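Work through the exercises below with the coordinates open. Try each task before reading its solution.

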Amino acid sequence: NLLFINNEAPFSVMKYFTEESLIIKNKEEIIRPFNLELEVGSTTMEESQYGTISLSPKFIGNNITIGYNFNGFIGLSDSTEVLNSFSNLSQILGNLNLVYNSTKNRFQFKVGQLRDITFGYGMLIKRYTNTISYPLKQDGGININYKPDTENYKLNLFFSSIQELSNGGGIVGVYANKIIRLKKPIIIGAGLVLDLNQFGGLSDTIWSTITPKKRSINGFQFDVSYELSSSLLNDTYLFSEFS
């Protein structure tokens, strides 16, 4: 998470009740369909120095974006570890960026590195990413977002690791919120996060002569947002979350 440079905007429940397109752009942003980035530099990981080179082709279409980060790490001393490995599915998919957006962004499907997944106000899970200390720990997961044309509810589903999920492990999360339009709108949300096997990332050989261990853990959360009053200059909301 130290790689994040730009923080998110401060928390506000106003985002649920106002349009996001209030900022008028002076000119349209030019999006080129084919992009290619080349980076050369050096980095320090676990007190070891590496030279790096990265080649990232990307295609941006009307509804789909697909790209891949081909990178290499050259150890500058004899004690550095070999980081250029594609021995498992997680390392292969960790550099993939595949995103599909339907018309009007009602449905989004993403495969690869996951970033900034938050359920509700973030007591259970906040700004989750499946990549830590890249490239030492990287993974390829799935994230699905859906909202209907009426936008009266939203659904967020993610799988942290395709590799671990195929072996009965990984983290699975689902969150949904619903807008109930009374005299004042009230939003009710609920989320569930399952770590199917906390030891799923370990090799079975680590347990030696004993049976490989397996342990799962579940987390739940429930949140409510309610507009108490609204005027030209002041808005008052009640919001709460239990996890």
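**Exercise 1. Trace the pairing from strand 3 to strand 5 and on to strand 6.**

Solution. Strands are DSSP runs of E with at least two residues, helices are runs of H or I with at least four, and both are numbered from the N terminus. Two strands pair if DSSP finds at least two bridges between them. Start with strand 3 (residues 64-68) and strand 5 (residues 96-101): they run antiparallel and are joined by 5 bridges. Gly67 faces Asn97 of strand 5. Next, strand 5 is joined to strand 6 (residues 107-112) by 5 bridges, again antiparallel. Here Asn101 has Gln108 of strand 6 as its bridge partner. The two strands form a hairpin with 5 residues between them. In its turn, Lys104 has a positive phi of about 65 degrees.

Note the basis of these values: the model is predicted, local features need pLDDT of at least 70, side-chain atom pairs count only at pLDDT 80 or more, and totals for chains, interfaces and linings use all residues. Residues are numbered from 1 along each chain as its sequence is written, and side-chain values use heavy atoms, with hydrogens and water left out.

**Exercise 2. Continue from strand 6 to strand 7 and strand 8.**

Solution. Strand 6 and strand 7 pair antiparallel over 6 bridges. Val111 stands opposite Ile142 of strand 7. Strand 7 and strand 8 are also antiparallel, with 5 bridges. Ile142 has Phe159 as its bridge partner in strand 8. The hairpin of strand 7 and strand 8 has 6 residues between the strands. Glu151 takes a positive phi near 55 degrees there.

Asn156 sits in strand 8 (residues 153-159). Its side chain makes a polar contact of 2.9 Å with that of Asn143. (A polar contact is a pair of N or O atoms within 3.5 Å; within protein, one must be able to donate a hydrogen and the other to accept it, and residues adjacent in sequence count only if both atoms are side-chain atoms.) Asn156 is buried, because its relative accessibility is 11%. (Buried means under 20% relative accessible area, exposed over 50%, partly exposed in between, with a 1.4 Å probe and protein chains only.)

**Exercise 3. Which residues form the nonpolar patch on the surface?**

Solution. Patch members have over 30% relative accessible area and no salt bridge; nonpolar side chains (Val, Leu, Ile, Met, Phe, Trp, Tyr) are joined within 5 Å, like charges within 9 Å. The members are Leu36, Leu38, Val40, Ile53, Leu55 and Phe70. Together they have about 640 Å² of accessible area, by the Shrake-Rupley method with a 1.4 Å probe, where for residues only the protein chains shown count as cover. Strand 1 (34-45) and strand 2 (48-60) each supply at least two residues. Strand 1 gives the most, with 3. Leu36 lies in strand 1. Leu36 counts as exposed because its relative accessibility is 63%.

**Exercise 4. Is Phe119 buried or exposed, and how is its ring paired with Tyr175?**

Solution. Rings of Phe, Tyr and Trp (its six-membered ring) pair if their centres lie within 6.5 Å; planes under 30 degrees apart are stacked, over 60 edge-to-face, the rest tilted. By this rule there are 8 aromatic pairs. Phe119 and Tyr175 are stacked, at 5.4 Å centre to centre and 20 degrees between planes. Phe119 is in the loop between strand 6 and strand 7 (141-146) and Tyr175 in strand 9 (residues 171-181), so the pair ties together parts 56 residues apart in sequence. Phe119 is buried, at 0% relative accessible area. Tyr175 is buried too, at 7%. Ring pairs link Phe119, Tyr128, Phe158 and Tyr175 into a cluster.

**Exercise 5. How many salt bridges does the structure hold?**

Solution. A salt bridge is a side-chain nitrogen of Lys or Arg within 4 Å of a carboxyl oxygen of Asp or Glu. The count is 4. One of them joins Asp149 to Arg106, with the closest N and O atoms 3.3 Å apart. Asp149 lies in the loop between strand 7 and strand 8, Arg106 in the loop between strand 5 and strand 6, 43 residues apart. Asp149 is exposed at 64%, whereas Arg106 is buried at 15%. Arg106, Asp149 and Glu151 are linked in a salt-bridge network.
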